[in-house]
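Visitor: I'd like to learn how to read a structure like this one. Could you walk me through it?

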Amino acid sequence: MGPTPLPASFLPAHASVLVFLVVGVAFLAVNLVLWRIIRPSRFSEEKLTTYECGENPTGSAWVQFNIRFYVFALIFIIFDVESVFLLPWAVVFRRLAEEQGLLPYAEGLVFIAILVVALAYVWRKGDLEWVRAEDRT
């Protein structure tokens with residue numbers, strides 16, 4: 001058995017998607033070509049240097065940052081996003097409690113307990129310190 005043929009109304013029904021894609025790609029292509037034509041192309045050494053908020057750049061741009069800064073930022077984002085999940089739960093908590101009893105309260109406590117355990121783990125591991133104890137010597 002081969003594939004089933006498409007109904008006759010399939011193409012007219014989905015033609016708008018094809019038109020949208022063609023118009024989007026054409027818009028992009030026209031803007032890129034137009035940009036290439038009208039932009040000034042007077043490059044200088046000063047224009048090609050790295051912009052440092054008005055300061056003259058010194059040294060190499062390949063500076064190696066400590067991974068702890070990224071870990072700290074990721075921990076902040078994780079806890080920030082997870083705490084945002086508590087807002088919708090808190091908004092509908094009264095209605096949920098009326099319908100389901102103590103189950104929504106227990107679910108909220110489990111969620112907060114998981115966050116507390118994760119925070120304790122990160123704290124115990126020392127990832128919340130800017131300078132670890134072993135690096136202070």
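Guide: Let's start with aromatic rings. Rings of Phe, Tyr and Trp count as a pair if their centres lie within 6.5 Å. Keep in mind that this is a predicted model.

Visitor: How many aromatic pairs does the structure hold?

Guide: There are two aromatic pairs here. Take Trp89 and Phe93: their ring centres are 5.1 Å apart and the planes sit at 55°. Planes under 30 degrees apart count as stacked and over 60 as edge-to-face, so at 55° the Trp89 and Phe93 pair is tilted. Together with Tyr105, Trp89 and Phe93 make up one aromatic cluster.

Visitor: Now helices. How far does α1 reach from its first C-alpha to its last?

Guide: Helix α1 covers residues 10-38 and reaches 42 Å, close to the 42 Å expected at 1.5 Å a residue. There is a bend, though, of about 35° at Ser16.

Visitor: How many residues of α1 are buried?

Guide: Zero of the 29, so α1 lies largely in the open. Leu18, for instance, is in α1 and is exposed, with a relative accessible area of 55%. From Leu18 to Trp35 is 17 residues in sequence and 26 Å in space, C-alpha to C-alpha.

Visitor: And what lies over the face of Trp35?

Guide: That's Arg39, at 4.9 Å from the ring centre.

How values were computed: Residues are numbered from 1 along each chain as its sequence is written. This is a predicted model: local features need pLDDT of at least 70, side-chain atom pairs count only at pLDDT 80 or more; totals for chains, interfaces and linings use all residues. Side-chain values use heavy atoms; hydrogens and water are left out. Rings of Phe, Tyr and Trp (its six-membered ring) pair if their centres lie within 6.5 Å; planes under 30 degrees apart count as stacked, over 60 as edge-to-face and the rest as tilted. A charge sits over a ring if NZ of Lys or CZ of Arg is within 6 Å of the ring centre and within 35 degrees of the ring normal. Helices (H or I, at least four residues) and strands (E, at least two) are DSSP runs, numbered from the N terminus. The expected span of a helix is 1.5 Å times one less than its number of residues. The bend at a residue is the angle between axes fitted to the seven residues ending there and the seven starting there. Buried means under 20% relative accessible area, exposed over 50%, partly exposed in between (1.4 Å probe, protein chains only).
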